[in-house]
Amino acid sequence: MSDQTCMEECVVVFLDRLRRGHRNVVLTGAGVSTASGIPDFRGPSGLYSRLSQRVFEIDFFYEQPEDYYRIAIEHIHTLADKEPNITHQMLAVLEQQGLIEAVVTQNIDGLHQKAGTRKVIEFHGDVLRYRCTNCSKTYDRSAVDAMIRADGLPNCDCGSLIRPGIVFFGDPIPMDALIESQKLAQSAQVFVAMGSSLAVNPAAGLAMAAHQAGATLMIINKGRTHYDPIADKRFEVDLSEFSQAVMNRLSISRTK
Ligand SMILES: [Zn+2]
């Protein structure tokens, strides 16, 4: 289906499938957060082109932690200050209404939680949590930012370096997120991928796992994705417009 002309139709199909499904799961990628002013990391104005991909490599962090934190406190930690957009809000409403079981995200901005979604599985961690590289004691962002401003580096009470809870290139994906998302993908009757080109595993592989387990696969994205050939429904729409249309439809059906 193409843009605009089908928006209403897309929304009707989307909600109909969710209502008929059970244990539905949504996977979100960078496209879900662009409307909150967070550029796609890989896009032309994305963080990688502004910062250098090296900033997101674990070796860089351990070799030059002061340089990392000097950049991060301005460009990465501040992602948490952004506000959720209509798509985050729409997904929180779908969860409240029992239409989705969980959101699995590739994003690190924490905006699903900020929008009120309760069950969020983060593949790449987030910018809110920090932990000691030695004793694993956890710290929140305000404590870490204060230490960076005072000393250039955040150090634990035990004297060791504190690291961010994001997953760097070179870090393993958190095992609990992997296990839980696999379980969710395999038990979902509907699996929705939003705002992701489905290029990066293992998040992308969840779409395949769900498809193989018999789920209806719906892909909602502006632009092609790697899994278009196996999608049951594919909506090429602007996510904010789509989400607004879903919210309108939900409020109509609530007042009926
Ligand atoms: Zn420690």
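This report describes the fold of one chain in a predicted model, from the whole chain down to single residues.

Residues are numbered from 1 along each chain as its sequence is written. Because the model is predicted, local features need pLDDT of at least 70 and side-chain atom pairs count only at pLDDT 80 or more, while totals for chains, interfaces and linings use all residues.

**The whole chain**

The chain has 10 helices and 9 strands. Helices (H or I, at least four residues) and strands (E, at least two) are DSSP runs, numbered from the N terminus. The radius of gyration of the chain is 19 Å, close to the 18 Å from the globule rule for 256 residues, so the chain is as compact as a globular protein of that length. This radius is taken over C-alpha atoms, and the globule rule is 2.2 Å times the number of residues to the power 0.38. Along the principal axes, the C-alpha atoms fill a box of roughly 60 × 35 × 30 Å.

Of the 256 residues, 41% count as buried. A residue is buried if 20 or more other C-beta atoms lie within 10 Å of its own, exposed if 12 or fewer, and partly exposed in between, with C-beta atoms placed from the backbone. Two residues are in contact if their C-beta atoms, placed from the backbone, lie within 7 Å. Among contacts between residues at least 6 apart in sequence, 67% join residues at least 24 apart.

**Two domains**

Domain bounds come from an automatic or database domain assignment. Here domain 1 is made of 1-38 + 84-126 + 173-256, and domain 2 of 39-81 + 128-165. Their C-alpha centres lie 28 Å apart. The contact between them takes 9 residues from domain 1 and 8 residues from domain 2. On the side of domain 1 that touches domain 2 there are 3 nonpolar, 4 polar and 2 charged residues. In this count Ala, Val, Leu, Ile, Met, Phe, Trp, Tyr, Cys and Pro are nonpolar, Asp, Glu, Lys and Arg are charged, and the others, Gly among them, are polar.

**Strand β8 and its partners**

In strand β8 (residues 216-220), 4 of the 5 residues are buried, so β8 is largely enclosed by the rest of the structure. Two strands pair if DSSP finds at least two bridges between them. Strand β8 pairs with β7 (residues 190-194) in the parallel sense over 5 bridges, and A193 stands opposite I219 in β8. Strand β9 (residues 233-235) also runs parallel to β8, joined by 3 bridges. There, K233 in β9 is the bridge partner of M218.

Together, β7, helix α9 (residues 203-212) and β8 make a right-handed β-α-β unit. Right-handed means that, with the strands pointing away from the viewer, the path from the first strand over the helix to the second runs clockwise.

**Helix α5**

Helix α5 (residues 86-96) has 8 buried residues out of 11, so the helix is largely enclosed by the rest of the structure. Among the buried ones are H88, M90, L91 and E95. Just after α5, G98 takes a positive phi of about 75°.

R23 has 16 other C-beta atoms within 10 Å, so R23 is partly exposed. S136 has 10 C-beta neighbours inside 10 Å and therefore counts as exposed.
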